[in-house]
Every structure is written in C-alpha cells, then in structure tokens.
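Okay, everyone, let's get the picture up on the screen. I'll talk you through a few helices and a few charged pairs.

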Amino acid sequence: MDQEVIMATPPLPPPPRARCVVRLKLPPAWTPEEDARLQRLAKENGFRRWSRVARSMPRRSARSCRDRWRHHLARDVYHRPFTARDDDELLRLHYRLGDRWKEIGRAVYGWTSRVMKHRWRELRRSGFPLAAAARKEQALAMVDNMVESEVDESDQSLPPPELQRSLADALASSFGCCSLAHDHAMDPLAGSLALGFACMAV
C-alpha cells in the first residue's frame, strides 16, 4: 500500500537554473574636444609614446588613444565605403599573404589592418571570394577562346606559301635596283626618291 502512495505523487519539477548576468561597461564616446586634444598630444609625442599621451587624457588608456588615432584621426585613413576595386585588391592580397593582416594593411594605402580584416569577414559571409574566383575563371576562358579564334583567323588571312615567295622575290628585285652602297658617290635625295619609287612599284 505504501508503494501505491509513492507512485501516485507527481515528480518534483527540476530546480530553476541559475542565470548569469554580465554587464559590460562601454567606454564613453569620443568628443570633438578630446579628438582635438589627442591630435595635439600625438603630434607633440611623435605619434608613438601613447602611454605618455594617455596620462594627459583622463578616462582613456594608451591603447584606446592609439586606436582612436590610427583608425579614425590619421590623415592617411580613408573614410569612404569599399569599392569593387578595393575588394578585388583585398582578395588578391589575401590569396597571396593569407591571414597576415599586418602585412596586408601595410601593402594597401588608406586602409588599416583591422578594417581590412573586418571587410574580409563581411565578404566571406556574403560569398564574394567564391564568386570572384568563378568570374576570374570565366574571364580566363574568354581570353583563351579569343586568342584561339585570332590564331585561326590569322592562319586564314595569310596568303599561300607560293604567293608569299613571289611577293618576297618582287620586293627583293625592286630594292635591288636602288642601291645605297657607299662605293660610289650618290645624291642622298636621289637615293631616297629611287627607294620611294621602288616601294610604290611593288
């Protein structure tokens, strides 16, 4: 009878899961006054000594100062969207250098290594590298077809070998009559006229 009572009681619900809440404290946004101050301090310190720059910037670390300068305020950084030409260049560099983003950033003017890395991830998600490789293969196939068709047309446009020989003999005979040898005195104007008339005759 005790067993029947135990069987009739419903099972206990599982204990509630403990929730972990993570609160991220983001740094405050950069103000125009801070940007102007950072530009002045970076120039005074030769765009290098970021720990010294950070001492004069309250609430900012050396790394945040360097990142703000390098990725936003430097004059050689582009502030424009990527073009198709930029994407092709990035694809070519990544094919050659792999994931060495510092070298890729040094090889391209106006884009930092971090920006290039983020752009590569965007392109990879969109399937751009595969589409570009397919386009490249199509272009190479088209060039090969054009070269083969030009070779075929050039073979058809050449005269037969017998006619080629007769043209060569005619040219040789016509140029043979206008000798420009230095063994006898000859007027240069008359020689050039004779050569011109011989060419016209052919």
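So, what covers the buried residues of α4? The cover includes α2, α3 and α7 (113–126). Contact here means heavy atoms within 4.5 Å. Helices are DSSP runs of H or I with at least four residues, numbered from the N terminus. Buried means under 20% relative accessible area, exposed is over 50%, and partly exposed is in between, with a 1.4 Å probe and protein chains only. With that in hand, the buried residues in α4 are Cys65, Arg68, Trp69, His71 and Leu73.

Quick housekeeping before I go on. This is a predicted model, where local features need pLDDT of at least 70 and side-chain atom pairs count only at pLDDT 80 or more, while totals for chains, interfaces and linings use all residues. Residues are numbered from 1 along each chain as its sequence is written, and side-chain values use heavy atoms, with hydrogens and water left out.

Back to α4. Its twelve residues should span 16 Å at 1.5 Å a residue, and the end C-alpha atoms sit 15 Å apart, which agrees. The expected span, by the way, is 1.5 Å times one less than the number of residues.

Now look at how α2 meets α4. Their axes come within 11 Å and cross at roughly 100°. That makes α2 roughly perpendicular to α4. The axes are lines fitted to C-alpha atoms, for helices over the stretch in contact, with angles from 0 to 180 degrees between N-to-C directions. Under 35 degrees counts as roughly parallel, over 145 as roughly antiparallel, 65 to 115 as roughly perpendicular, and the rest as oblique.

Which residues do the meeting? From α2 we have Asp35, Leu38, Gln39 and Ala42, and from α4 we have Cys65, Arg68, Trp69 and Leu73. The residues of that contact divide into five nonpolar, one polar and two charged. For the labels: Ala, Val, Leu, Ile, Met, Phe, Trp, Tyr, Cys and Pro are nonpolar, Asp, Glu, Lys and Arg are charged, and the others, Gly among them, are polar.

Stay on α2 for a moment, because glutamate 34 is in that helix too. Is glutamate 34 buried or exposed? Buried, with a relative accessible area of 11%. Leaving out residues up to four places away in sequence, glutamate 34 touches Ala29, Met57, Pro58, Arg59 and Arg60.

One of those contacts is also a salt bridge: the side chains of arginine 60 and glutamate 34 meet at 3.0 Å, N to O. Arginine 60 lies in the loop between α3 (50–55) and α4 (62–73), and glutamate 34 in helix α2 (residues 32–44), so the pair ties together parts that are 26 residues apart in sequence. The rule for a salt bridge is a side-chain nitrogen of Lys or Arg within 4 Å of a carboxyl oxygen of Asp or Glu. How many salt bridges does that rule give? The count comes to eleven.

Here's another one. Arginine 80 and aspartate 86 pair up through their side chains at 2.8 Å, N to O. Arginine 80 counts as partly exposed, at 35% relative accessibility, whereas aspartate 86 counts as buried, at 15%.

And then there's glutamate 103 with arginine 100, whose closest N and O atoms are 4.0 Å apart. Glutamate 103 is partly exposed at 34%, and arginine 100 is partly exposed at 44%. Elsewhere, salt bridges that share partners join Glu34, Arg59 and Arg60 into one network.

Last stop, helix α5. This helix covers residues 84–97, so 14 residues, and reaches 20 Å from first C-alpha to last, close to the 20 Å expected at 1.5 Å a residue. Its buried residues are Asp86, Asp87, Leu90, Leu91, Leu93, His94 and Leu97.

How does α5 sit against α7? The axes come within 11 Å and cross at roughly 95°. That makes α5 roughly perpendicular to α7. Asp87, Leu90, Leu91 and His94 in α5 meet Met116, Arg119, Trp120 and Leu123 in α7.

Zoom in on leucine 90 there, which counts as buried at 0% relative accessibility. Apart from neighbours within four places in sequence, leucine 90 contacts Trp101, Ile104, Met116, Arg119, Trp120 and Leu123. Leucine 90 and methionine 116 are 26 residues apart in sequence, yet 7.4 Å apart in space, C-alpha to C-alpha.

Conventions: Helix = DSSP H or I, 4+ residues; strand = E, 2+ residues; numbered from the N terminus.
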